[in-house]
Amino acid sequence: MQPISVHRIWLLIRRNVMLYGQKLWAYPGPLLGIMFIVWSMSDKSYAEGSASNFLNSLYIVVLIVLGFYTSAHVLSEHKTADGRQSSLTVPASDAEKFIASWFYSGPLFMLVYTVAFFFLSWIMIGILGIFGIGGFPAFNPFEEVVLKNITFFFLVIQPAGLLAAIAFDRAVIPKAFGTLLAVALSLGALGILTFRIVYRDAFEGFFTQVGKLNVDGANFSVNTDSPFVLLLVLGLMLLAATYFKFQEKSV
Amino acid sequence: MIHLQNLDFGYRKGERLFEGLDLNVERGGIYGLLGRNGAGKSTLLKLMTGCLKPDSGSVELFGREAFDRHPDSLQRLYFLPEQVYLPARSWKLLAKAYGPFYPNFSEEAFYNGLETFHVPTDRKLTKLSLGQKKKGLISFALACNTELLVLDEPTNGLDIPSKAQFRSIMAETVTDDRAIVVSTHQVRDLAGLIDPIMVVDNGSMIAHLDLNAVSNALSFTLESSLTPPIDALHHERVPGGYYVVRPNTTGRHTEPDLEVLFNAIVAPNSRVLTTLASASHLQNA
C-alpha cells in the first residue's frame, strides 16, 4: 500500500507551481488577450443572448485546448531519463506524485483559468463600455453548458492528457490526440455494433432514422444518465492506466 | 542501509548485465564503486535507489524494497546522477522547492556550499556549465544531511580546485552514522578518500575490499627498473620504471595506488585477486 500524506502532496503541488507554474500562469493571459481582441473587433450588434454564447464557447474551447496542453505537460520531467530520475527520487510516494499532478493540472488549472477568464471578461466589457458598446452579460461559469464541459474536461480531457504525458516521451500532443481519437472511434464503433444488435430491423447504416426506432409500437425508455456514466467509467479507466504506468516507471 | 541479494538485471531480454549479484552497504564509510566503462556502475546505483526494477533478486533500501520508492527511504538518501536535470529556475527556488522534502535540509549549508564552490547564484540553472551544475547539486546533496549519499561520477566536469574542495568536503561529511557511495572511473580524484572499494566486472561484484586489508596483503612500489619484474603479481609501465604489486611479506604498509589496484583486479586471471582472497581466508581462519 502506497503511503499518502497531505503534507507531501502539498509540497509536491508547491514544487510544481514553483518550478513549472510559469506556464500555467503565462499561457492563459496572452491567449485570452488575443481572443478578446478578436471579440472586440468583431460585430457587436448581436443580441445579449448571443454575446453570452460567445463567452461560453470561448471559455469552453480554451479550456479544452489549454487544459489538454497543461495535463500533457505536467509530467514533462518524465520525458528524459535524467528528468525521470530527478522526479522518481523526490521523497514522496508514486501515489502522492500522481495525486499532485492530477490536482495541479485539474482543479488548480481550472481555478486559475476560470478566475482569469472571469476577470478578463469584465475588463473587456469595461473597455467596450468606454467605446459606448454596452449591454453585454458577464461570464457566468455556473451556466449548464459550461458546467457540462467542465465535467467533460475532468472526465476525458485531463485523464487523456495525463496518460499521454506518462506514456509518450516525444510528440505528446499529437500522440495523445490520436489516442483520444482512437478511444472515441472505438467507443463509437462499439455503440454502433450494440445498436445493430439491439435494433437490427431499424439499423440502416448511415441512413438510420431515430424515428424508426419505435418498431412495432414498442416504447423504449431512454436513460439520460448513460453518457455521463460512460464518460465517468472512461475517465476512471484512463486515470487508473496513468497511475499504473506511473508506478512502473523507471529510468 | 542497502542490501542486494542475488540480483539479476538486464536492459534487454536475454542480455544479463548483473547475475546473482550480492552487495551490502553499511554506515560509516565512503564506498568507491569502480568498474570499466559499461560495467554497469550507474545501473547499479539506479537499482540501489529504486530508479530501476531488478529482474529477480532483491534490493533493500533502509529495510524496504527499493523499487517501492517509499518516501521514508527516499528522504534518507540523496542521489546525484552523472547527468543532472535542472529546471530553468534559480538555486534559491530549487532549494525552496526540494529542500522541505528532506527533514534535515539546511538552507544555510546549501548557500555556504555554493559559496565554497564559487557557483553563481544569480543565473538560471540551465545557463550554467556542467561543472557549475554539478557543484551546485553537490552542495544541495550535502545540505540535505541524509544518512546515505549516492554520487555517480561526481568529479566529472569539476575543475582542478573544485576536485580538491570536493575531496576535503567529503572527508568532513562522512561520519559513523552516514554512508557515501561514489561511483567513478577517475579513481585518482578520490584517492585517500574512498574505503572500501567495490569492483564490478562482467556482471558481478568481483571484489569488495577494505583498503587496510589490501595494504596488509599487498605492497605497492615504484621501481626504476628497465625490465619488467618477474616475481610481481602485477606490474605497469610508468615513466621512469615500473609500478609493481607484490605480496606483502614485510608487514610494512604501503599506500595502494587505486588505479593500479583496479587494473590488477580486472586483469584476466588476476593473481592479485587470488592473493587477496587467500589472505582474507587466512585472516578469517
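How many salt bridges does the rule find across the interface of chain B and chain A? This tour of a predicted model reaches the reply at its third stop.

**First stop: chain A as a whole**

Followed from the N terminus, the elements read α-α-α-α-α-α-α-α. Chain A has 251 residues, and buried residues account for 41% of them. Consider next the contacts in chain A between residues at least 6 apart in sequence: 80% of these join residues at least 24 apart. Now switch to a surface display. The accessible surface of chain A amounts to about 13300 Å², and carbon and sulfur atoms hold 71% of that area.

**Second stop: helix H8 of chain A**

Select residues 226-247 of chain A, which form helix H8. A:Met237 lies in this helix. Is A:Met237 buried or exposed? A:Met237 has a relative accessible area of 54%, so it is classed as exposed, the cut-off for that class being over 50%.

Show both chains and select the residues in contact. On one side there are 26 residues of chain B, and on the other 31 residues of chain A. Between them, the two chains bury about 2600 Å², with 61% of this area on carbon and sulfur atoms. Within chain B, select B:Arg69, B:Tyr85 and B:Phe101: these residues lose the most area to chain A, and together they supply 28% of what that side buries.

The opening question can now be settled: the rule finds 2 salt bridges across the interface of chain B and chain A. To view one of them, select A:Glu248 and B:Lys53 and display their side chains, which meet in a salt bridge at 3.6 Å, N to O. Polar contacts may be displayed as well; between chain B and chain A there are 7 residue pairs in polar contact, both residues being at pLDDT 80 or more.

**Last stop: the helices of chain B at the interface**

Select residues 71-74 and 91-98 of chain B. These are helix H2 and helix H3, the elements that give two or more residues to the side of chain B that touches chain A. Which element gives the most to that side? Helix H3 of chain B does, with 4 residues.

Note on methods
Residues are numbered from 1 along each chain as its sequence is written. Chains are lettered from A and ligands numbered from 1 in the order in which they are written. This is a predicted model: local features need pLDDT of at least 70, side-chain atom pairs count only at pLDDT 80 or more; totals for chains, interfaces and linings use all residues. Side-chain values use heavy atoms; hydrogens and water are left out. Buried means under 20% relative accessible area, exposed over 50%, partly exposed in between (1.4 Å probe, protein chains only). Contact means heavy atoms within 4.5 Å. Buried area is the accessible area (1.4 Å probe) that two parts lose on being put together, summed over both. A salt bridge is a side-chain nitrogen of Lys or Arg within 4 Å of a carboxyl oxygen of Asp or Glu. A polar contact is a pair of N or O atoms within 3.5 Å; within protein, one must be able to donate a hydrogen and the other to accept it, and residues adjacent in sequence count only if both atoms are side-chain atoms. Accessible areas come from the Shrake-Rupley method with a 1.4 Å probe; for residues, only the protein chains shown count as cover.
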